[in-house]
Amino acid sequence: MALPSGTQPASGSAPPAVAVRPGAAFRRRTLADREDLLGRLMLGPTLLYVIALAGIPFLLAIVLSFSDARAGSLSFSLVGLRNFLAILPDPQFHRALWNTLLLTVVSQAAVLVLATTSAVILDAGLPGRRAIRFLLLLPWAVPVSLASLAWVWIFDSTFSVINWTLKALGLLRTWLFWFGDPALAMTAIITVHVWRMFPFATVIVLAGLSAIPQDIREAAVVDGAGFWRRLLQVDLPLLLPVAIVAVLFGVTFTSTDLSVVYLLTNGGPYNSTHVLATLAFQRGILGGDLGQGAAVALFLLPVLVVVAAVMLRLARRTEVGA
Amino acid sequence: MRMRRARRVVVRAAQYAAIALITLFAVFPFYWMFLTALKQNRDLYVGATNLHHVPWVFNVPPTLEHVQLLFQRTAYLVWVRNTVFVGAVVVAITLVFAAPAGYALARLVGRWGERLGIALFLTYLVPPTLLFIPFARIVSVLHLQNSLWSLVVIYPTFTVPFCTWLLMGFFRSIPRDLEEQAMIDGYSRLAVIRKVVMPLAVSGLLTVVIFAFTLVMQEFVYALTFISSVQKMTLSLGVPVALVRGDVFYWGSLMAAALITSIPIAIVYNLFIDRFVAGLTHGALKG
């Protein structure tokens, strides 16, 4: 992999000169052969596009958070830390920050448990494994806004099938107003996030499981390790890097998600279920205060920096190992 | 010996029970969409306090009236058209940018390739939530508010990095020897790409087409931010935002829309998920 393509010996033992087509040796070398130039030409447009439409907006997001930009006009001036001083003592902001943290940690913990469980069971050779995997993947494939809508209906205050079933089973004496109570509303939001993310994590962990060399497992069996010992001492440690990837994606997608909360509760009841994303949307887009919205959204940055750092570490480690 | 067998049976049974429950959890909302879409209103709107009315099954014969309403009296088909339009243009843009870049990263730029590839991939992780506010400014500077073109400009910011990364993996998996043999035979690098690499990369390119398209179909945040009129909406925005009239939810039609939209994506997605995961994890799994 480290060898530049030009220096790598060609396969086959025939010296190159023998294989040259008649006339080919006299063909002029053109741009089409200048690998370095060609590489730059092919990569350049993409780099420019990404810098222009992801890099610059990213910097703009930071600049805007220090500005008094409003949705209506295009001019703005820098106002230093004013936006941050405005949101830092704001109880709604505290709530959103806490909710984001709670949502991310709880849902990812649940996702890890569900995903590892399903992956280990599926990997153990289950009849109908492909069919089950197809069904398990549905929540991840469906557009999140449409899925959220289905959950709004499932948690409906009058027609909730969950309430009916709990009542019918004799487990519920009172009534659950899912979106009328902050704790229940957060439970609903977390449920939807778990539902959406665990299939994806399952597939990643499953890929990791099947990448574990079979002889390692067989060796463990020969040494007399049972299911649990094999799981805890062989499979799970080897799964760690893959599980980390799954969690990183999960953390990124969950902590920054706007659609689930927006469609389920829109921050209600009494602004108790806002997350950073919905609060930023409310302040920045609906409220028109782009500066403050940007400041709120910026608090997601530390999460992403950590995620990126871990990703880079993983990538570097495998680069050395490859 | 018998103890051990008994224990194995118990473990197996527990495993089946666990996977059955988990699968039910995953599938249940789709079953619910299905029931809701086809139930008559008098079967649908029965308060959940009524324990004699079992909501899990059809209590009166199913009906297609909600589906008809969806297709005939709502903007659903307009949203389908908008989505296909945005999806097609974004897929084209994505291929034009990502295919050459993926190949360059895989073969032409040497050791830099790996790092640039990772850097590109990381931009995929920068979320809409952080970018929609600056984009709101950019879109208004470009005068693209409430236009499908705003989505066409912005969606490639996540499809291009992601697809470049996927394609880099595909191009790497093509045996280098084939390309070198062709160059020894007198082909230029560009000709090698056209005549040797592209035919071999067809399945990779197809995967990218599918994923770019599904990413577009799933996007909600930018559409919500930039599109305000019902006629310009895409499916993922129009169905949850504009099918609700005032405070009245037409749940039958809503769930029909959700189900009809989801099924094709789900099937296609399932066919390609292995490649997708391979692309995402090829860093972590290699080691």
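In which hand does helix 5 of chain B pass helix 8 of chain B? The crossing is left-handed. Keep in mind that you're looking at a predicted model.

- Two packed helices are described by the angle between their axes and the distance between the axes.
- For this pair, the angle is about 145° and the axes sit 7 Å apart.
- If you want to find them on screen, helix 5 of chain B covers residues 111-125, and helix 8 of chain B covers residues 156-173.
- On the helix 5 side, the residues making the contact are Glu114(B), Gly117(B), Ile118(B), Leu120(B), Phe121(B), Thr123(B) and Tyr124(B).
- Across from them, helix 8 of chain B brings in Phe158(B), Pro161(B), Phe162(B), Thr164(B), Trp165(B), Met168(B) and Arg172(B).
- Sort the residues of this contact by class and you get nine nonpolar, three polar and two charged.
- Glu114(B) in helix 5 and Arg172(B) in helix 8 are the charged pair in that tally.

**Chain B overall**

- Chain B is built from helices, 14 of them, with zero strands.
- Read from the N terminus, its elements go α-α-α-α-α-α-α-α-α-α-α-α-α-α.
- Chain B is more spread out than a compact globule, because its radius of gyration is 24 Å, well over the 19 Å that the globule rule gives for 287 residues.
- Along the principal axes, the C-alpha atoms of chain B fill a box of roughly 80 × 75 × 35 Å.
- Of the 287 residues in chain B, 58% are buried.
- Take the contacts in chain B with a separation of 6 or more: 77% of them involve residues 24 or more positions apart.
- Chain B has an accessible surface of about 12,000 Å², and carbon and sulfur atoms own 67% of that area.

**Chain A overall**

- Chain A also comes out with 14 helices and zero strands.
- Its run of elements from the N terminus is α-α-α-α-α-α-α-α-α-α-α-α-α-α.
- Buried residues account for 50% of the 322 residues in chain A.
- Among chain A contacts with a separation of 6 or more, 66% come from residues 24 or more positions apart.
- The accessible surface of chain A is about 14,800 Å², with 68% of it belonging to carbon and sulfur atoms.

Key: Residues are numbered from 1 along each chain as its sequence is written. Chains are lettered from A and ligands numbered from 1 in the order in which they are written. This is a predicted model: local features need pLDDT of at least 70, side-chain atom pairs count only at pLDDT 80 or more; totals for chains, interfaces and linings use all residues. Side-chain values use heavy atoms; hydrogens and water are left out. Axes are lines fitted to C-alpha atoms, for helices over the stretch in contact, and angles run from 0 to 180 degrees between N-to-C directions. Helices (H or I, at least four residues) and strands (E, at least two) are DSSP runs, numbered from the N terminus. A crossing is left-handed if the near helix is turned anticlockwise from the far one by less than a right angle, and right-handed if clockwise. Contact means heavy atoms within 4.5 Å. The radius of gyration is taken over C-alpha atoms; the globule rule is 2.2 Å times the number of residues to the power 0.38. Buried means under 20% relative accessible area, exposed over 50%, partly exposed in between (1.4 Å probe, protein chains only). Accessible areas come from the Shrake-Rupley method with a 1.4 Å probe; for residues, only the protein chains shown count as cover.
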